[in-house]
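Here are a few friendly notes to read alongside the structure. Take them in order, with the view open beside you.

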Amino acid sequence: MASLYSSSGGSLKLKGVKDPGIKKKKKKKNKEAKRILENISTPPEDDDDDKDTMVPEKSPVDKRTPAQKAFDKVQSKRQVQRVLDKASMSHKQRVESFNAHLDKLTEHYDIPKVSWTK
């Protein structure tokens with residue numbers, strides 16, 4: 001009876017798959033970092049010939065949309081306005097105006113007296 005229910009050990013084999021093992025991703029070597037390190041380690045040579053062959057560095061390109069530029073412009077204007085408003089009043093004046101504002105408010109946070117018997 002034992003021969004009727006025999007099974008082979010291991011995982012199931014799939015058709016069309018040659019190596020079912022787990023493969024690790026290979027790490028990419030950063031060639032750019034190595035090039036930068038080499039440039040840092042070797043001092044630049046000062047020759048007149050090199051100055052002619054050197055390409056001037058390009059200025060950074062602004063990749064923002066016109067809407068983003070306008071938004072940043074408005075934000076900077078608002079920030080300047082906020083700073084000027086804060087600088088116009090001294091601390092004592094701000095405290096006085098805040099106290100005046102609190103005096104105008106209703107006493108919302110006071111607990112009203114509630115009594116069913118009286």
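This is a predicted model: local features need pLDDT of at least 70, side-chain atom pairs count only at pLDDT 80 or more; totals for chains, interfaces and linings use all residues.

1. Which side chain meets that of Arg-64 in a salt bridge at 3.0 Å, N to O? The partner is Asp-62. With 41% relative accessibility, Asp-62 is also classed as partly exposed, since that class lies between the buried limit of under 20% and the exposed limit of over 50%.

2. Arg-64 has a salt bridge with Asp-72 as well, and here the closest N and O atoms are 2.3 Å apart. Asp-72 has a relative accessibility of 34%, so it counts as partly exposed.

3. Now return to Asp-62. Its side chain also meets the side chain of Lys-69 in a salt bridge, at 3.9 Å from N to O. That pair still qualifies because the cut-off is a nitrogen within 4 Å of a carboxyl oxygen. Lys-69, at 39% relative accessibility, counts as partly exposed.

4. A search of the whole structure gives three salt bridges. As background, side chains of opposite charge can pair when their charged atoms come close.

5. Next, a nonpolar feature. Which residues make up a nonpolar patch on the surface? They are Ile-36, Leu-37 and Ile-40, and together they have about 330 Å² of accessible area.

6. Ile-36 deserves a look of its own. You will find Ile-36 in helix H1, which covers residues 31-41. Is Ile-36 buried, exposed or partly exposed? Its relative accessibility is 43%, so Ile-36 counts as partly exposed.

7. Stepping back to the fold, the protein chain contains four helices and zero strands. Read from the N terminus, its elements follow the order α-α-α-α.

8. Finally, consider the surface and the interior. What share of the 118 residues in the protein chain is buried? The figure is 0%, with buried taken as under 20% relative accessible area. The accessible surface of the protein chain comes to about 13,600 Å², and carbon and sulfur atoms account for 57% of it.

Note on methods. Residues are numbered from 1 along each chain as its sequence is written. Side-chain values use heavy atoms; hydrogens and water are left out. Patches are made of residues with over 30% relative accessible area and no salt bridge: like charges are joined within 9 Å, nonpolar side chains (Val, Leu, Ile, Met, Phe, Trp, Tyr) within 5 Å. Accessible areas come from the Shrake-Rupley method with a 1.4 Å probe; for residues, only the protein chains shown count as cover. Helices (H or I, at least four residues) and strands (E, at least two) are DSSP runs, numbered from the N terminus. Buried means under 20% relative accessible area, exposed over 50%, partly exposed in between (1.4 Å probe, protein chains only).
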